[in-house]
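Please walk me through this structure step by step, from its overall layout to the details of single residues.

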Amino acid sequence: MPGMPDILERFAQRFPEDLERRQILELRWPVEFTCPECRSGKLPMVTGRRLLKCRACRRPVRITAGTLF
C-alpha cells in the first residue's frame, strides 16, 4: 500500500507550481493521512488544488481546513 510520500509525489506531479500546498500537506499529515470526518487512514484521492477526497467516506477534505490557513 502506498504511503503519504506517494500522495505528496502525486500531488506535486499534478500541481507542480503548488509548493506551498505540498508543504502544508507534509506538515498536516507527516506520517499518514487521517480523514477528519471518519478518521480513516486510507490514502486520499487528489481531486483538486485544495481538495483531497477520503477513500473511505468519500467526503472532500480541504488541505487547509483546521489549520491557520
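## A walk through the fold

Among the contacts in the protein chain between residues at least 6 apart in sequence, 42% join residues that are at least 24 apart. The model shown here is a predicted one, and every value in this account is to be read with that in mind. Of the 69 residues in the protein chain, 33% are buried, and the accessible surface comes to about 4,600 Å², with 51% of that surface belonging to carbon and sulfur atoms.

With a relative accessible area of 39%, Glu9 is partly exposed. Although Glu9 and Arg22 are 13 residues apart in sequence, their C-alpha atoms lie 8.8 Å apart in space.

An α-helix has 3.6 residues a turn, so residues three or four places apart point the same way.

The C-alpha atoms of Glu32 and Pro44 are separated by 10.0 Å, the two residues being 12 residues apart along the chain. Arg39 has its place in the loop between helix 2 and strand 1 as well, and with a relative accessible area of 57% it is exposed. Most residues other than glycine have a negative phi. Arg39, although it is not a glycine, has a positive phi of about 65°. Arg58, which is found in the loop between strand 2 and strand 3, also has a positive phi of about 65° without being a glycine.

The three strands form an open sheet in the order 1-2-3, with antiparallel pairing. Strand 1 (45-46) and strand 3 (60-62) each have a single partner strand and stand at the edges, so one side of each is left without a neighbour in the sheet. Strands of a sheet pair through backbone hydrogen bonds, either parallel or antiparallel. Strand 2, made up of residues 51-53, pairs with strand 3 in the antiparallel sense over three bridges, and within this part of the sheet Leu51 stands opposite Arg62 of strand 3.

Side chains of opposite charge can pair when their charged atoms come close. The count of salt bridges in the model comes to one, and it is formed by Arg59 with Glu37, whose closest N and O atoms are 3.4 Å apart. Arg59 is partly exposed, with a relative accessible area of 44%, whereas Glu37, at 51% relative accessibility, counts as exposed.

The cysteines complete the picture. How many disulfides does the structure hold? The structure holds zero disulfides. Cys38 is in no disulfide, the nearest cysteine sulfur being that of Cys54 at 3.7 Å, and a disulfide would call for two cysteine sulfur atoms within 2.5 Å. Cys38 counts as partly exposed at 34% relative accessibility. Cys57 is likewise in no disulfide, and the nearest cysteine sulfur to it, that of Cys54, is 3.7 Å away. With a relative accessible area of 26%, Cys57 is partly exposed.

Methods
Residues numbered from 1 in each chain as written. Predicted model: local features only at pLDDT ≥ 70, side-chain atom pairs only at ≥ 80, totals over all residues. Heavy atoms only, no water. Buried < 20%, exposed > 50% of the residue type's maximum accessible area, 1.4 Å probe, protein only. Pairing = 2+ DSSP bridges. Helix = DSSP H or I, 4+ residues; strand = E, 2+ residues; numbered from the N terminus. Contact = heavy atoms within 4.5 Å. Areas by Shrake-Rupley, 256 points an atom, 1.4 Å probe, with all protein chains shown as cover. Salt bridge = Lys/Arg side-chain N within 4 Å of Asp/Glu carboxyl O.
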